[in-house]
Each structure stands twice: as C-alpha cells, then as structure tokens.
Amino acid sequence: MRPINENDFSRIDLNLVIVLLVMFEVRSVTLAANRLYLGQPAVSAALKRLRETFNDALFVRTSQGMTPTPRAEQLVQQFAPLMQDLHRVIFTPQSFNPLQDSRTFRIGMSDWLEQWLMPDLLVELARTAPNIDINVVAADPWQAIPLMEQQQADVVVTVGNEVSRDLTRERIARAGFRTLWSQQQIAVKKLTLAHFVRHDHALVSYRGASESALDRELQRLSKSRRVRYVTPHFASLPLLLQQLPIFATVPQGLEPVWRERYGLEAAPVPIAMPDYELSLLWHNVQQDDPANVWLRERLRALLRRKC
C-alpha cells in the first residue's frame, strides 16, 4: 500500500465528495441543493471546486439534465463504497457481543488468584461467551503496574495500592488470611498463638523476603516464628503441608478448595493481620472499549461474589 501523504488532503473537502455523489444521483443543481439543505449558489460553488480539483467538467447540461462525464462516473464508482465505509466507521457505535464475538483476553494475576478465580470464570464463559479465550499473564503485585503500562494485559486482578497516571485502579473488595496445616502432621484442632510459633512455617514472598507483616506483628508481641520455606508460588504449599509439620498462612479465598481437596485444617490467624484489598487495574486507553468494559464487569461481579 502506498504511504499516505497527509498534505495531499489539505486541499480536499469531503463535503465536495458528498455533492458529487448527490449530483450524480439527482442530475440537477436545484434538486441537489434541496437534498443537501443548501442554497443553489453553494452547490454551484461546490461543483466549480470539484471541476477545478479533478480538471474535468464532471457534469454537462443537456436536455436530460446535468449529465455526468466518464470521469464523474469513474469517481462515483470509486467514491461510493469508500463513503459508505466511512459512514459506517463514524456512525456505527462500537459494540461487543459475547455470545457471538471471538476474542482472546489477557488477564494478569498471581497464581493464587488464578487458582481461586479462573475455574468459576471459565465455567461462566463456557455458558455465556463460548468464543472467548483466556490467556493468564503472571503478574504479582510488583509486576502489575509495569505490565499494564506496557499494555501486556487487558486487565490485571491484583492487591496493593500502587498507582500510575496511565492506569485506572478500581478497588473491589477486602479479604483476610487463614492459616492452614495438616492434622496428620500437626495434631492441633484449635489453633493458638503458642501452637503457631512452636512449629515451622512456609511463606510466599514474590521478592524472596523471609519476613512479612505477620512477623512484624509477632515482634510487637515479643514473639517470633521460624520460616523454613520461602517460595514465590502458592501452588506447592498444599502438598508441602501434607508431608511436613508446617503452617502456611494464605489468602482466605484458597481455604475452601485446599481443605476439600487436600484434607487440610484451617483457622483464623491467631494474631491481628491487616486485610488485603483486591483491585482491577487497566490502561486508560481501554477505558471505554466495550469488550474491556464487559470483561471488567465479569471480573468485578466474580470478585464480589467470592469475597
């Protein structure tokens, strides 16, 4: 395709093309003026400019009215479909139909959010949006902002409070934590602080830190715990708990599935822990995109239902 020279269009008024098309249809300056709600002098002036632009008479007065020249017929044949396309682009609202449209959405999230949310979302999409595919992009709280600034995902589900002028963060819900363990490994029915600090712990840290807000609260109480295992992934913890006398404190959304699937015990954390806040994060260029709006609505409803 030839490159577009924007300067070439500085001499062109698209209204002249409309006059050309209407004149070709009605073959009369008077009728064209009525159709366009213009005065006859305005249509005559437009016709003069068209003749100068294309160096052709375009319409010749005959006993049959204003008869188009071969050049006019050629121009109309070329312009008509272009103007129809232009009209459709300008005046047809952008839309998204999940029942019919095909689309692959990239959703950024950490692995625990994927475990918690994606089974329910995929079940819903199989029923309401059969041609929609999901591509999960790894995004811990520190990755979320740069990931979205570079538009490597359509939306991110995340925790944290980081902001960017290029992005919109919508806070959806708050939730807490639960401590899980295996009854076969730690014979505790009712978890106390004494039990909590007596045994080893596994900690999920996206940056490899061996302490968290929980440890700072323990220090305030002149207590401490041994963090024996640090990992950036939640997925390895259930099997670890089944085989070792160790506690893991995780987002409460994981508790029901881990208890049912792995036979684990769960209890509230025996010290005060701040809740985490779940948010949706998207790039401002996606603000009004109908498909992105639809996706955000699905994720918003899902988060509120599960929290």
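Rings of Phe, Tyr and Trp (its six-membered ring) pair if their centres lie within 6.5 Å, with planes under 30 degrees apart counted as stacked, over 60 as edge-to-face and the rest as tilted. This is a predicted model, where local features need pLDDT of at least 70, side-chain atom pairs count only at pLDDT 80 or more, and totals for chains, interfaces and linings use all residues. Residues are numbered from 1 along each chain as its sequence is written, and side-chain values use heavy atoms, leaving out hydrogens and water.

**View 1. An aromatic cluster.** Here Trp 112, Trp 116, Phe 177, Phe 234 and Tyr 276 come together as one aromatic cluster.

**View 2. Two Phe pairs.** By the ring rule, the count is 10 aromatic pairs. One of them joins Phe 54 and Phe 79: the centres are 6.3 Å apart and the planes at 70°, so this pair is edge-to-face. Phe 96 and Phe 105 have centres 6.1 Å apart and planes at 75°, so they are edge-to-face too.

**View 3. Arg 169 and its surroundings.** Arg 169 is buried yet has no salt bridge (a side-chain nitrogen of Lys or Arg within 4 Å of a carboxyl oxygen of Asp or Glu). Look instead at the backbone: a polar atom of the Arg 169 side chain lies 2.8 Å from the backbone oxygen of Glu 162, and the backbone oxygen of Gly 160 lies 3.1 Å from a polar atom of that side chain.

Definitions and conventions:
Buried < 20%, exposed > 50% of the residue type's maximum accessible area, 1.4 Å probe, protein only. Lys, Arg positive; Asp, Glu negative; His and termini not counted. Polar contact = N/O pair within 3.5 Å; in protein donor to acceptor, adjacent residues only side chain to side chain.
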